[in-house]
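Okay, thanks for coming, everyone. Let me put the thing up on the screen and then we'll walk through it together.

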Amino acid sequence: MPSGDLGLVVRGLSVAYAGVPAVRGVDLDVPAGHAIGLIGPNGAGKSSTLLAIMGAIPHQGTVKVNGEDVDGLAPEKVVRRGISLVPEGRHVFAGLSVKDNLRLGGVGRRSQDGSADTLDYVLGLFPILAEFRDRQAGLLSGGQQQQLAIGRALMADPDILMLDEPSLGLSPTAVDTVFDALATIRSAGKAVLVVEQRAEFTVAFCERTYVLHDGTITLTLKPEDATNVDVLTKAYFG
Amino acid sequence: MTRGLWWRLGPLWSLVSLLLIVYAVTVVTSYLGESVQVQFQYALVNLVIVVALYMFIGTSGVLSFGHVAFVALGAWTVGLLTIESDLKRNLLSDMFPFLFEVQAPWLPAILIGGIVGGLLALLVAPVLMRLNGLQAGIATFALLLVVGQVLTYWSSIGPRSGQSMVGIPDVLDLQTTMFFALGAIVIAWLFQRTRPARLLRAAREDGIAAAASGINVVTQRVIAFALSGLIAGIAGGLFALTNRVVQASLFGIELTFITLAMLVLGGMLSLSGAVIGALVFSVIDLVLVRLQNGLEIGSVIVSLPQGTRPIILGAILVLMLIFRPSGLTGGREIVWPFRRTPPLPGVPPTNE
């Protein structure tokens, strides 16, 4: 497979809820080894874009994972094509232990080989999860739960990791921990697509950040735009 | 982190304690006279139904009002297989002729009844298991009504409309019923530890996270539904041999309500809840029946007016739902009482 195909390619993605369009013809490229941001005000269609890519909601357009078309597949099958989502609000299995949460993340692996190595990798990335492996996930702090949610998504050994507002409700230190981990994941050659509200932070972190407004991509920002208040204001308020 | 022996034996302890509780209550009731024994035999049959309900509802979090349909099918099958041929020819004359000749001893009949219940569950599961919440409740309730109507009016597979199947042999005693109840508990406990059950519990906790983790909920639900249909079918066979009269109207809303009430009373998210709920409900019921019939305590006869029993049972359920909606067990399994560290709930979060 040519390396240019690795990663996620989305073309003309549209989503409508009861006839009302939420996402209108979005094109995205998330190459391997890159972090791509998707920012925009509330209701811009960011989460809908991620859910449509996962096959969780009806949509139009094409979604290609590593060059392979995943349209029409159920979410659990999309996971097996190499793409994982860390849902908004973390959604850890609160009643289960940290270890069981991670184990369940491995259900969507393409092959069970190497699952122990992935677990070591995840525990190396987030040492707190090793320390609390037998603790009930619901008793972890918000930051720890976010680490667990990312760790669980990584257990499926995805090539593409998508995160929906990973910084939501976290303390500044917890946000740093999460984004440090994302930097490591990106440098390991995985493609990262991160939906965020924190524009400045995201633009600085990602190689490229798309601005989504009313379901359409209106701007594409580079890291150097992170300090440009005018550009960021325009991104949010048009 | 090294774990103690009790950590590893913890889940086994929950099983052993449930078996011991059921055994102990059965032994006690066996000393309390024949009518108590008979009533407790019904209680044990209900316990098997509740365990079957738990295997599906407790594990998947999806409501089912339809399990009594599998109970009905199990009871029907055992009735057809154990009533003598000549009797069937006389009493159930409209039936398909081949059904007159089909016979089986009671034990294989119970197992066949279970298989028939499980097969019906498997047949309807691919459609029903895609539904959630109220939709699932209504669809499973519709299944109960459909099966009820078929058994009531299709005289080719049973008695004429609304009549009973009689002549079921008197072979099942309290002790044998208890062994079936213990067996059902062991099967449910083993099922809890399987991969489908773990995945379903995860999906029950968080459907979004389950889908994002690549868990196919429908397949796992079908497995759980079929298996719990099988246990419900076996319970139906036990019911047929306990009641010795089988009629479609016995398997309707009332039995559905009572067994669901038992599950809710105990706590529908744990096997301990299912078993303890069934036992506590049955023991209260047993006492109320005694009181309604006039109970002699020393020289005083205590009696309740007729009809008090369902009112009190209903009131207990309502109070339970208000003050302890997660049931007597709170949805937890019984744990070894002397362990030094509590099981999962650890220290509260400290980071933020």
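This is a predicted model: local features need pLDDT of at least 70, side-chain atom pairs count only at pLDDT 80 or more; totals for chains, interfaces and linings use all residues.

Residues are numbered from 1 along each chain as its sequence is written, and chains are lettered from A and ligands numbered from 1 in the order in which they are written.

So, chain A. It has nine helices and 10 strands; those are DSSP runs, H or I of at least four residues for helices and E of at least two for strands, numbered from the N terminus. Its radius of gyration is 17 Å, close to the 18 Å from the globule rule for 238 residues, so chain A is as compact as a globular protein of that length. That radius is taken over C-alpha atoms, and the rule is 2.2 Å times the number of residues to the power 0.38.

Look at the hairpin of β9(A) and β10(A), with two residues between the strands. They pair in the antiparallel sense over five bridges, pairing being at least two DSSP bridges. A:Tyr210 has A:Thr220 in β10(A) as its bridge partner, and in the turn A:Asp214 has a positive phi of about 50 degrees.

Next, how many residues does each chain bring to the contact? Chain A gives 32 and chain B gives 20, where contact means C-beta atoms, placed from the backbone, within 7 Å. On the chain A side, α6(A) supplies the largest share, four residues.

Now the core. The largest nonpolar core has 181 residues: buried Ala, Val, Leu, Ile, Met, Phe, Trp, Tyr and Cys joined through C-beta atoms within 7 Å. Helix α11 of chain B, residues 217–243, gives the largest share, 16 residues. B:Val275 is among those with the most contacts inside the core; leaving aside neighbours within four places in sequence, it touches residues including B:Leu18, B:Val51 and B:Ile185.

Last stop, B:Val246, in the loop between α11 and α12 of chain B. Why does B:Val246 count as buried? Because it has 26 C-beta neighbours inside 10 Å; buried takes 20 or more, exposed is 12 or fewer, and partly exposed is in between, with C-beta atoms placed from the backbone. Among its contacts beyond four places in sequence are B:Trp76, B:Met165 and B:Ile168.

Conventions:
Two residues are in contact if their C-beta atoms, placed from the backbone, lie within 7 Å.
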